[in-house]
Amino acid sequence: MTWKKLLIPLASVPLILLLAYGFRTDPKAIPSPLVQKPAPEFRLKAFDGGEVSLAELKGKPVVLNFWASWCYPACYEEAPLLEATWKRFKEQGLMMVGVDIQDKEANAREFLQRFGFTFPNVPDPGSKVSIDYGVYGVPETFFIDRQGQIVYKHVGALTPALVEAQVQALLKGK
Amino acid sequence: MISTLGHFVLFLALGMSLYAAGAAVYGARTGREDWLASSRNAVLVNWCLVTLALFLLEYALITSDFSIRYVANNSTRGSLTRYKIAGLWGSLEGSILLWAWLQSLFSALVVARYTDRHQAVMPYVQAVLQGICAFFLLVMTFAANPFAPSFPVPPDGRGLNPLLEVTDMLVHPLLLYLGYVGFSVPFAFAMAALITGRLSEEWLKNTRRWTIVAWLFLTGGIFYGGWWSYRTLGWGGYWAWDPVENASFMPWLTGTAFIHSVMIQERKRMLKVWNLVLITLTFSLVIFGTFLTRSGILGSVHAFAEGPVGMVFLGFLALVLLFSLGLIAYRADRLKGHGELDSVVSRESAFLLNNVVLIGICFTVFLGTIFPLLTEAIRGTKISVGMPYFNRVSVPLGMALLLLMGIGPLIAWGRASLNNLRRNFVKPVVAAAAATAVLVVLGVRQAEALLAFLCSFFVVGTIALEFWTSTRTRAATTGEGFLQAFAALLLRSRRRYGGLIVHLGVVVAIIGIAVSSIYKVEHEVTLKPGERMEIGPYTVQFNDLQAGERPTHILVWANLTVLKGNTPLTELHPGQRFYPNQQSPFASVDASYHWNQDLYTILSTFERDGSSATIKVMINPMMAWIWIGGCVILLGVLVAVLPERRLAMLTARAKAQPA
Amino acid sequence: MIRRRDRWASVRRATWWLTLGVVFIPWWGAAHADAATNFDLEDRVREIASELRCVVCQNLSVADSPSDLAKEMRNLVRELVQQGKSREEIQAYFVSRYGEYVLLSPPKRGFNLLVWGLPFLAIAVGGGVVYLVVRRWTEQAPASRPAVDPTYAERVQRELKDREQV
């Protein structure tokens, strides 16, 4: 069989390779166009009555976490980690804000109580903030530096190592 | 107990199918009939074993034996029995068992039916079919065991996804699987022909009926899926160009091309290589489809992906492609047909164009489906290729196909004479133009709609003309009544007239698709109780919101009254179903379905106190024509594959009538 | 004799033009169908929303999706349309937040031209191959086919015609 004929079956190899590459990709990990760009401003009323505005937080690094009470199991897994991180770093100037999206108030408050969140959490009426941040699902977390630039976006539940590394980097930054 | 027994039975079946394949090849190569007979017995035993495995799993499902993990994941104690049965194909492992069962069944049928006739190729046909069966059994034995035990044993199962606990679930997957597995038979014959070098047209004749029946099931499955989607999912559409939907559409396209182009090979012994490529493509696309569904590399509503199974399917796809294409390349020299054509204007040319368009559509759908993956590999970004793209590119190709459907059947084979063309086309073209002009006068102005109508009328005209002249000629020559002549005609040239009926069905469906998408009217309004909204000639009044408990969920629905002017026409109750373990509710569509239009309502959102509700109302004109077209297609296929004995009986009866 | 061959030539030409028309003209027509502008607000909103991906669904558009977030995105599109933004501007608005993934139809530039152009190219290539194949087949048609006795041919034609008029 001449080499030319071998081409016919070998023509299928690139396709197989492409499909195999497909296993290395995660259909849920969508790159965000907001990384290395200024974080969109928002001003919302928090669950505990206060007001949270991103502009006022400039100068401090911010961890912005999007969650929902129906987001099981990921949000439930990372919630203790968030609270622990907050407690640990708030003295050093870290700011943490949670945004509750597409949720019912009663369920959200129950979630907050269950994990004892002491950092400000805001509901997102009209989903304006989640649209501004291009949120595809929950949980998603944005790490914002002192200048108000989004440094990193994480999709899915946070891990201790990741949070540690990102927060330290934020705190060190100008 | 069932867990270990079931797994063991699968293991035995795997061994049996490997033996059946190996013994067949060995017997064929050495010419030893005892080995061949043994391998045939193995095929039957294999089927019995897989059937036993199937019964075991069904038994476990029906008796709610939650010690088996699959049963716990796919049924609950409270489910209706028929949904427990359907739980067999509710997710990955069970669906593979169903596939393996159908594959072993078809193997057994083929062996039983054809062994006497085609001794030279049958061992290899058997080997290929058993090889495919062995693959599915292998997946179950080592990667996706449906009999895996659950630990600890849960008190109640998780149940099927509520969307699947409907009667449709009993039909749609079965139809599709019958189609998919059915295509493995002509594929096996083609491979056997290549292996043995017996490349005459025999393998085509053997498998023609299998191919058409497989195509019938696949067509039925696709239409049924659309119908199910439309009635249940609540977005008002029936086809989303989802990767798994596309994966069922692509083998349908190449299968259709194959059915047509095979007719050229039967008559003129041309296009041998091409037909082998087509059937290889068809079967490969079937495997590609099952790979997509089970690997999850392209996000899809249908995918039930889990772990390493995807890699195994990719491996099998690679094997199928390399093996079959390699064989074709190996035999390429012997496959060169003597291509002769008297004239460019001939049915052969029309069929070749048909192939170009169908393969073109298939290529387009395939490219669009994998393009996001390709983009990610090359550019590193994620993009979407969705409905707007597919709709835009498939419309012109669909129009081209429509035109070919009118032209193809009426051009003569070989050489079309001028008289032939004039006789067959002038009237339909004129009639189509006139009918379209009437539509323009009646107010239809959209260019796409007019084009669709023009082409459709043309095709209907050609079909009607063909039926009319042939029936009239026959009635004149045999003295039969018109209806009798018509029936006799159908039975005599069932392939031709069955095919024309299929084309008619396709045209009806295309008109349905075109009109329902171009002239769809949609309004979404938030109403307080008592308020009304206008849509087209109708007024829809929102009366109130109600909630009630159902055995498995809580139903919230809006009571709507539809009026025309001031006369109430009907009441509709679109709602939402809230299931305990689902985070978002499922839509409960309510619509008024008529042959000429559907009035379709959905409840989008509502205030808990019932003070307002947002409803979406759609008028979908001629939507039913899509489903009617599907039925006509099925009718046409039945006419085309009527078995010979029945044909003889009926024509004998027709002849016996007073002449 | 000569006249008949001329007629055939024109029929052949007509066939090739028809083929081209069958394949290309509807495409051109459909491509230009986008250009239609819709002045009704809701129609415009639905048109633009149908090209945006509902981000919490699988493969549905913002126009079709029954989810809450899709409803809010539709409201946002309506606001933007009322502010006078064009379709491109609204798409850019969402792309700047969600990335290209939010567009259900890949924009016609750069690498994406492959997905818009290749189908067209494939059909053209397929058509070309068919043309070459058919030409080779018609050239190979043996002149050795025995000529039909014209008297018999005529008689057959006459009888067929008579039969049809029955």
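Predicted model: local features only at pLDDT ≥ 70, side-chain atom pairs only at ≥ 80, totals over all residues.
Local features require pLDDT of at least 70, side-chain atom pairs count only at pLDDT 80 or more, and totals for chains, interfaces and linings use all residues, while side-chain values use heavy atoms, with hydrogens and water left out.

Chain C contains six helices and zero strands, in the order α-α-α-α-α-α from the N terminus on; helices (H or I, at least four residues) and strands (E, at least two) are DSSP runs, numbered from the N terminus. Of its 166 residues, 34% are buried, the term denoting under 20% relative accessible area, as against over 50% for exposed and partly exposed in between (1.4 Å probe, protein chains only). Contacts (heavy atoms within 4.5 Å) between residues of chain C at least 6 apart in sequence join residues at least 24 apart in 43% of cases.

In chain B, four strands form an open sheet with the order β1-β10-β9-β8 and antiparallel pairing, two strands being paired if DSSP finds at least two bridges between them. Its edge strands, β1 (521-527) and β8 (590-593) of chain B, each pair on one side only. From one strand to the next, the twist averages 15°, with axes fitted as lines to C-alpha atoms (for helices over the stretch in contact) and angles running from 0 to 180 degrees between N-to-C directions. Nine bridges link β9 (residues 597-606) and β10 (residues 613-621) of chain B in the antiparallel sense, and B:Thr601 stands opposite B:Val617 in β10(B).

Elsewhere in chain B, helix α6 (residues 122-143) holds B:Gln130. This residue is buried, with a relative accessible area of 0%. Residues up to four places away in sequence aside, B:Gln130 touches B:Ser17, B:Ala20, B:Ala21, B:Val43, B:Asn46 and B:Ser107.

Between chains A and B, 22 residues of chain A are in contact with 28 residues of chain B. The buried area is about 2200 Å², 80% of it from carbon and sulfur atoms; this quantity is the accessible area (1.4 Å probe) that two parts lose on being put together, summed over both. A:Leu18, A:Leu19 and A:Phe23 supply 28% of the area that chain A buries against chain B, more than any other three residues.

Definitions and conventions:
Residues numbered from 1 in each chain as written. Chains lettered and ligands numbered in written order.
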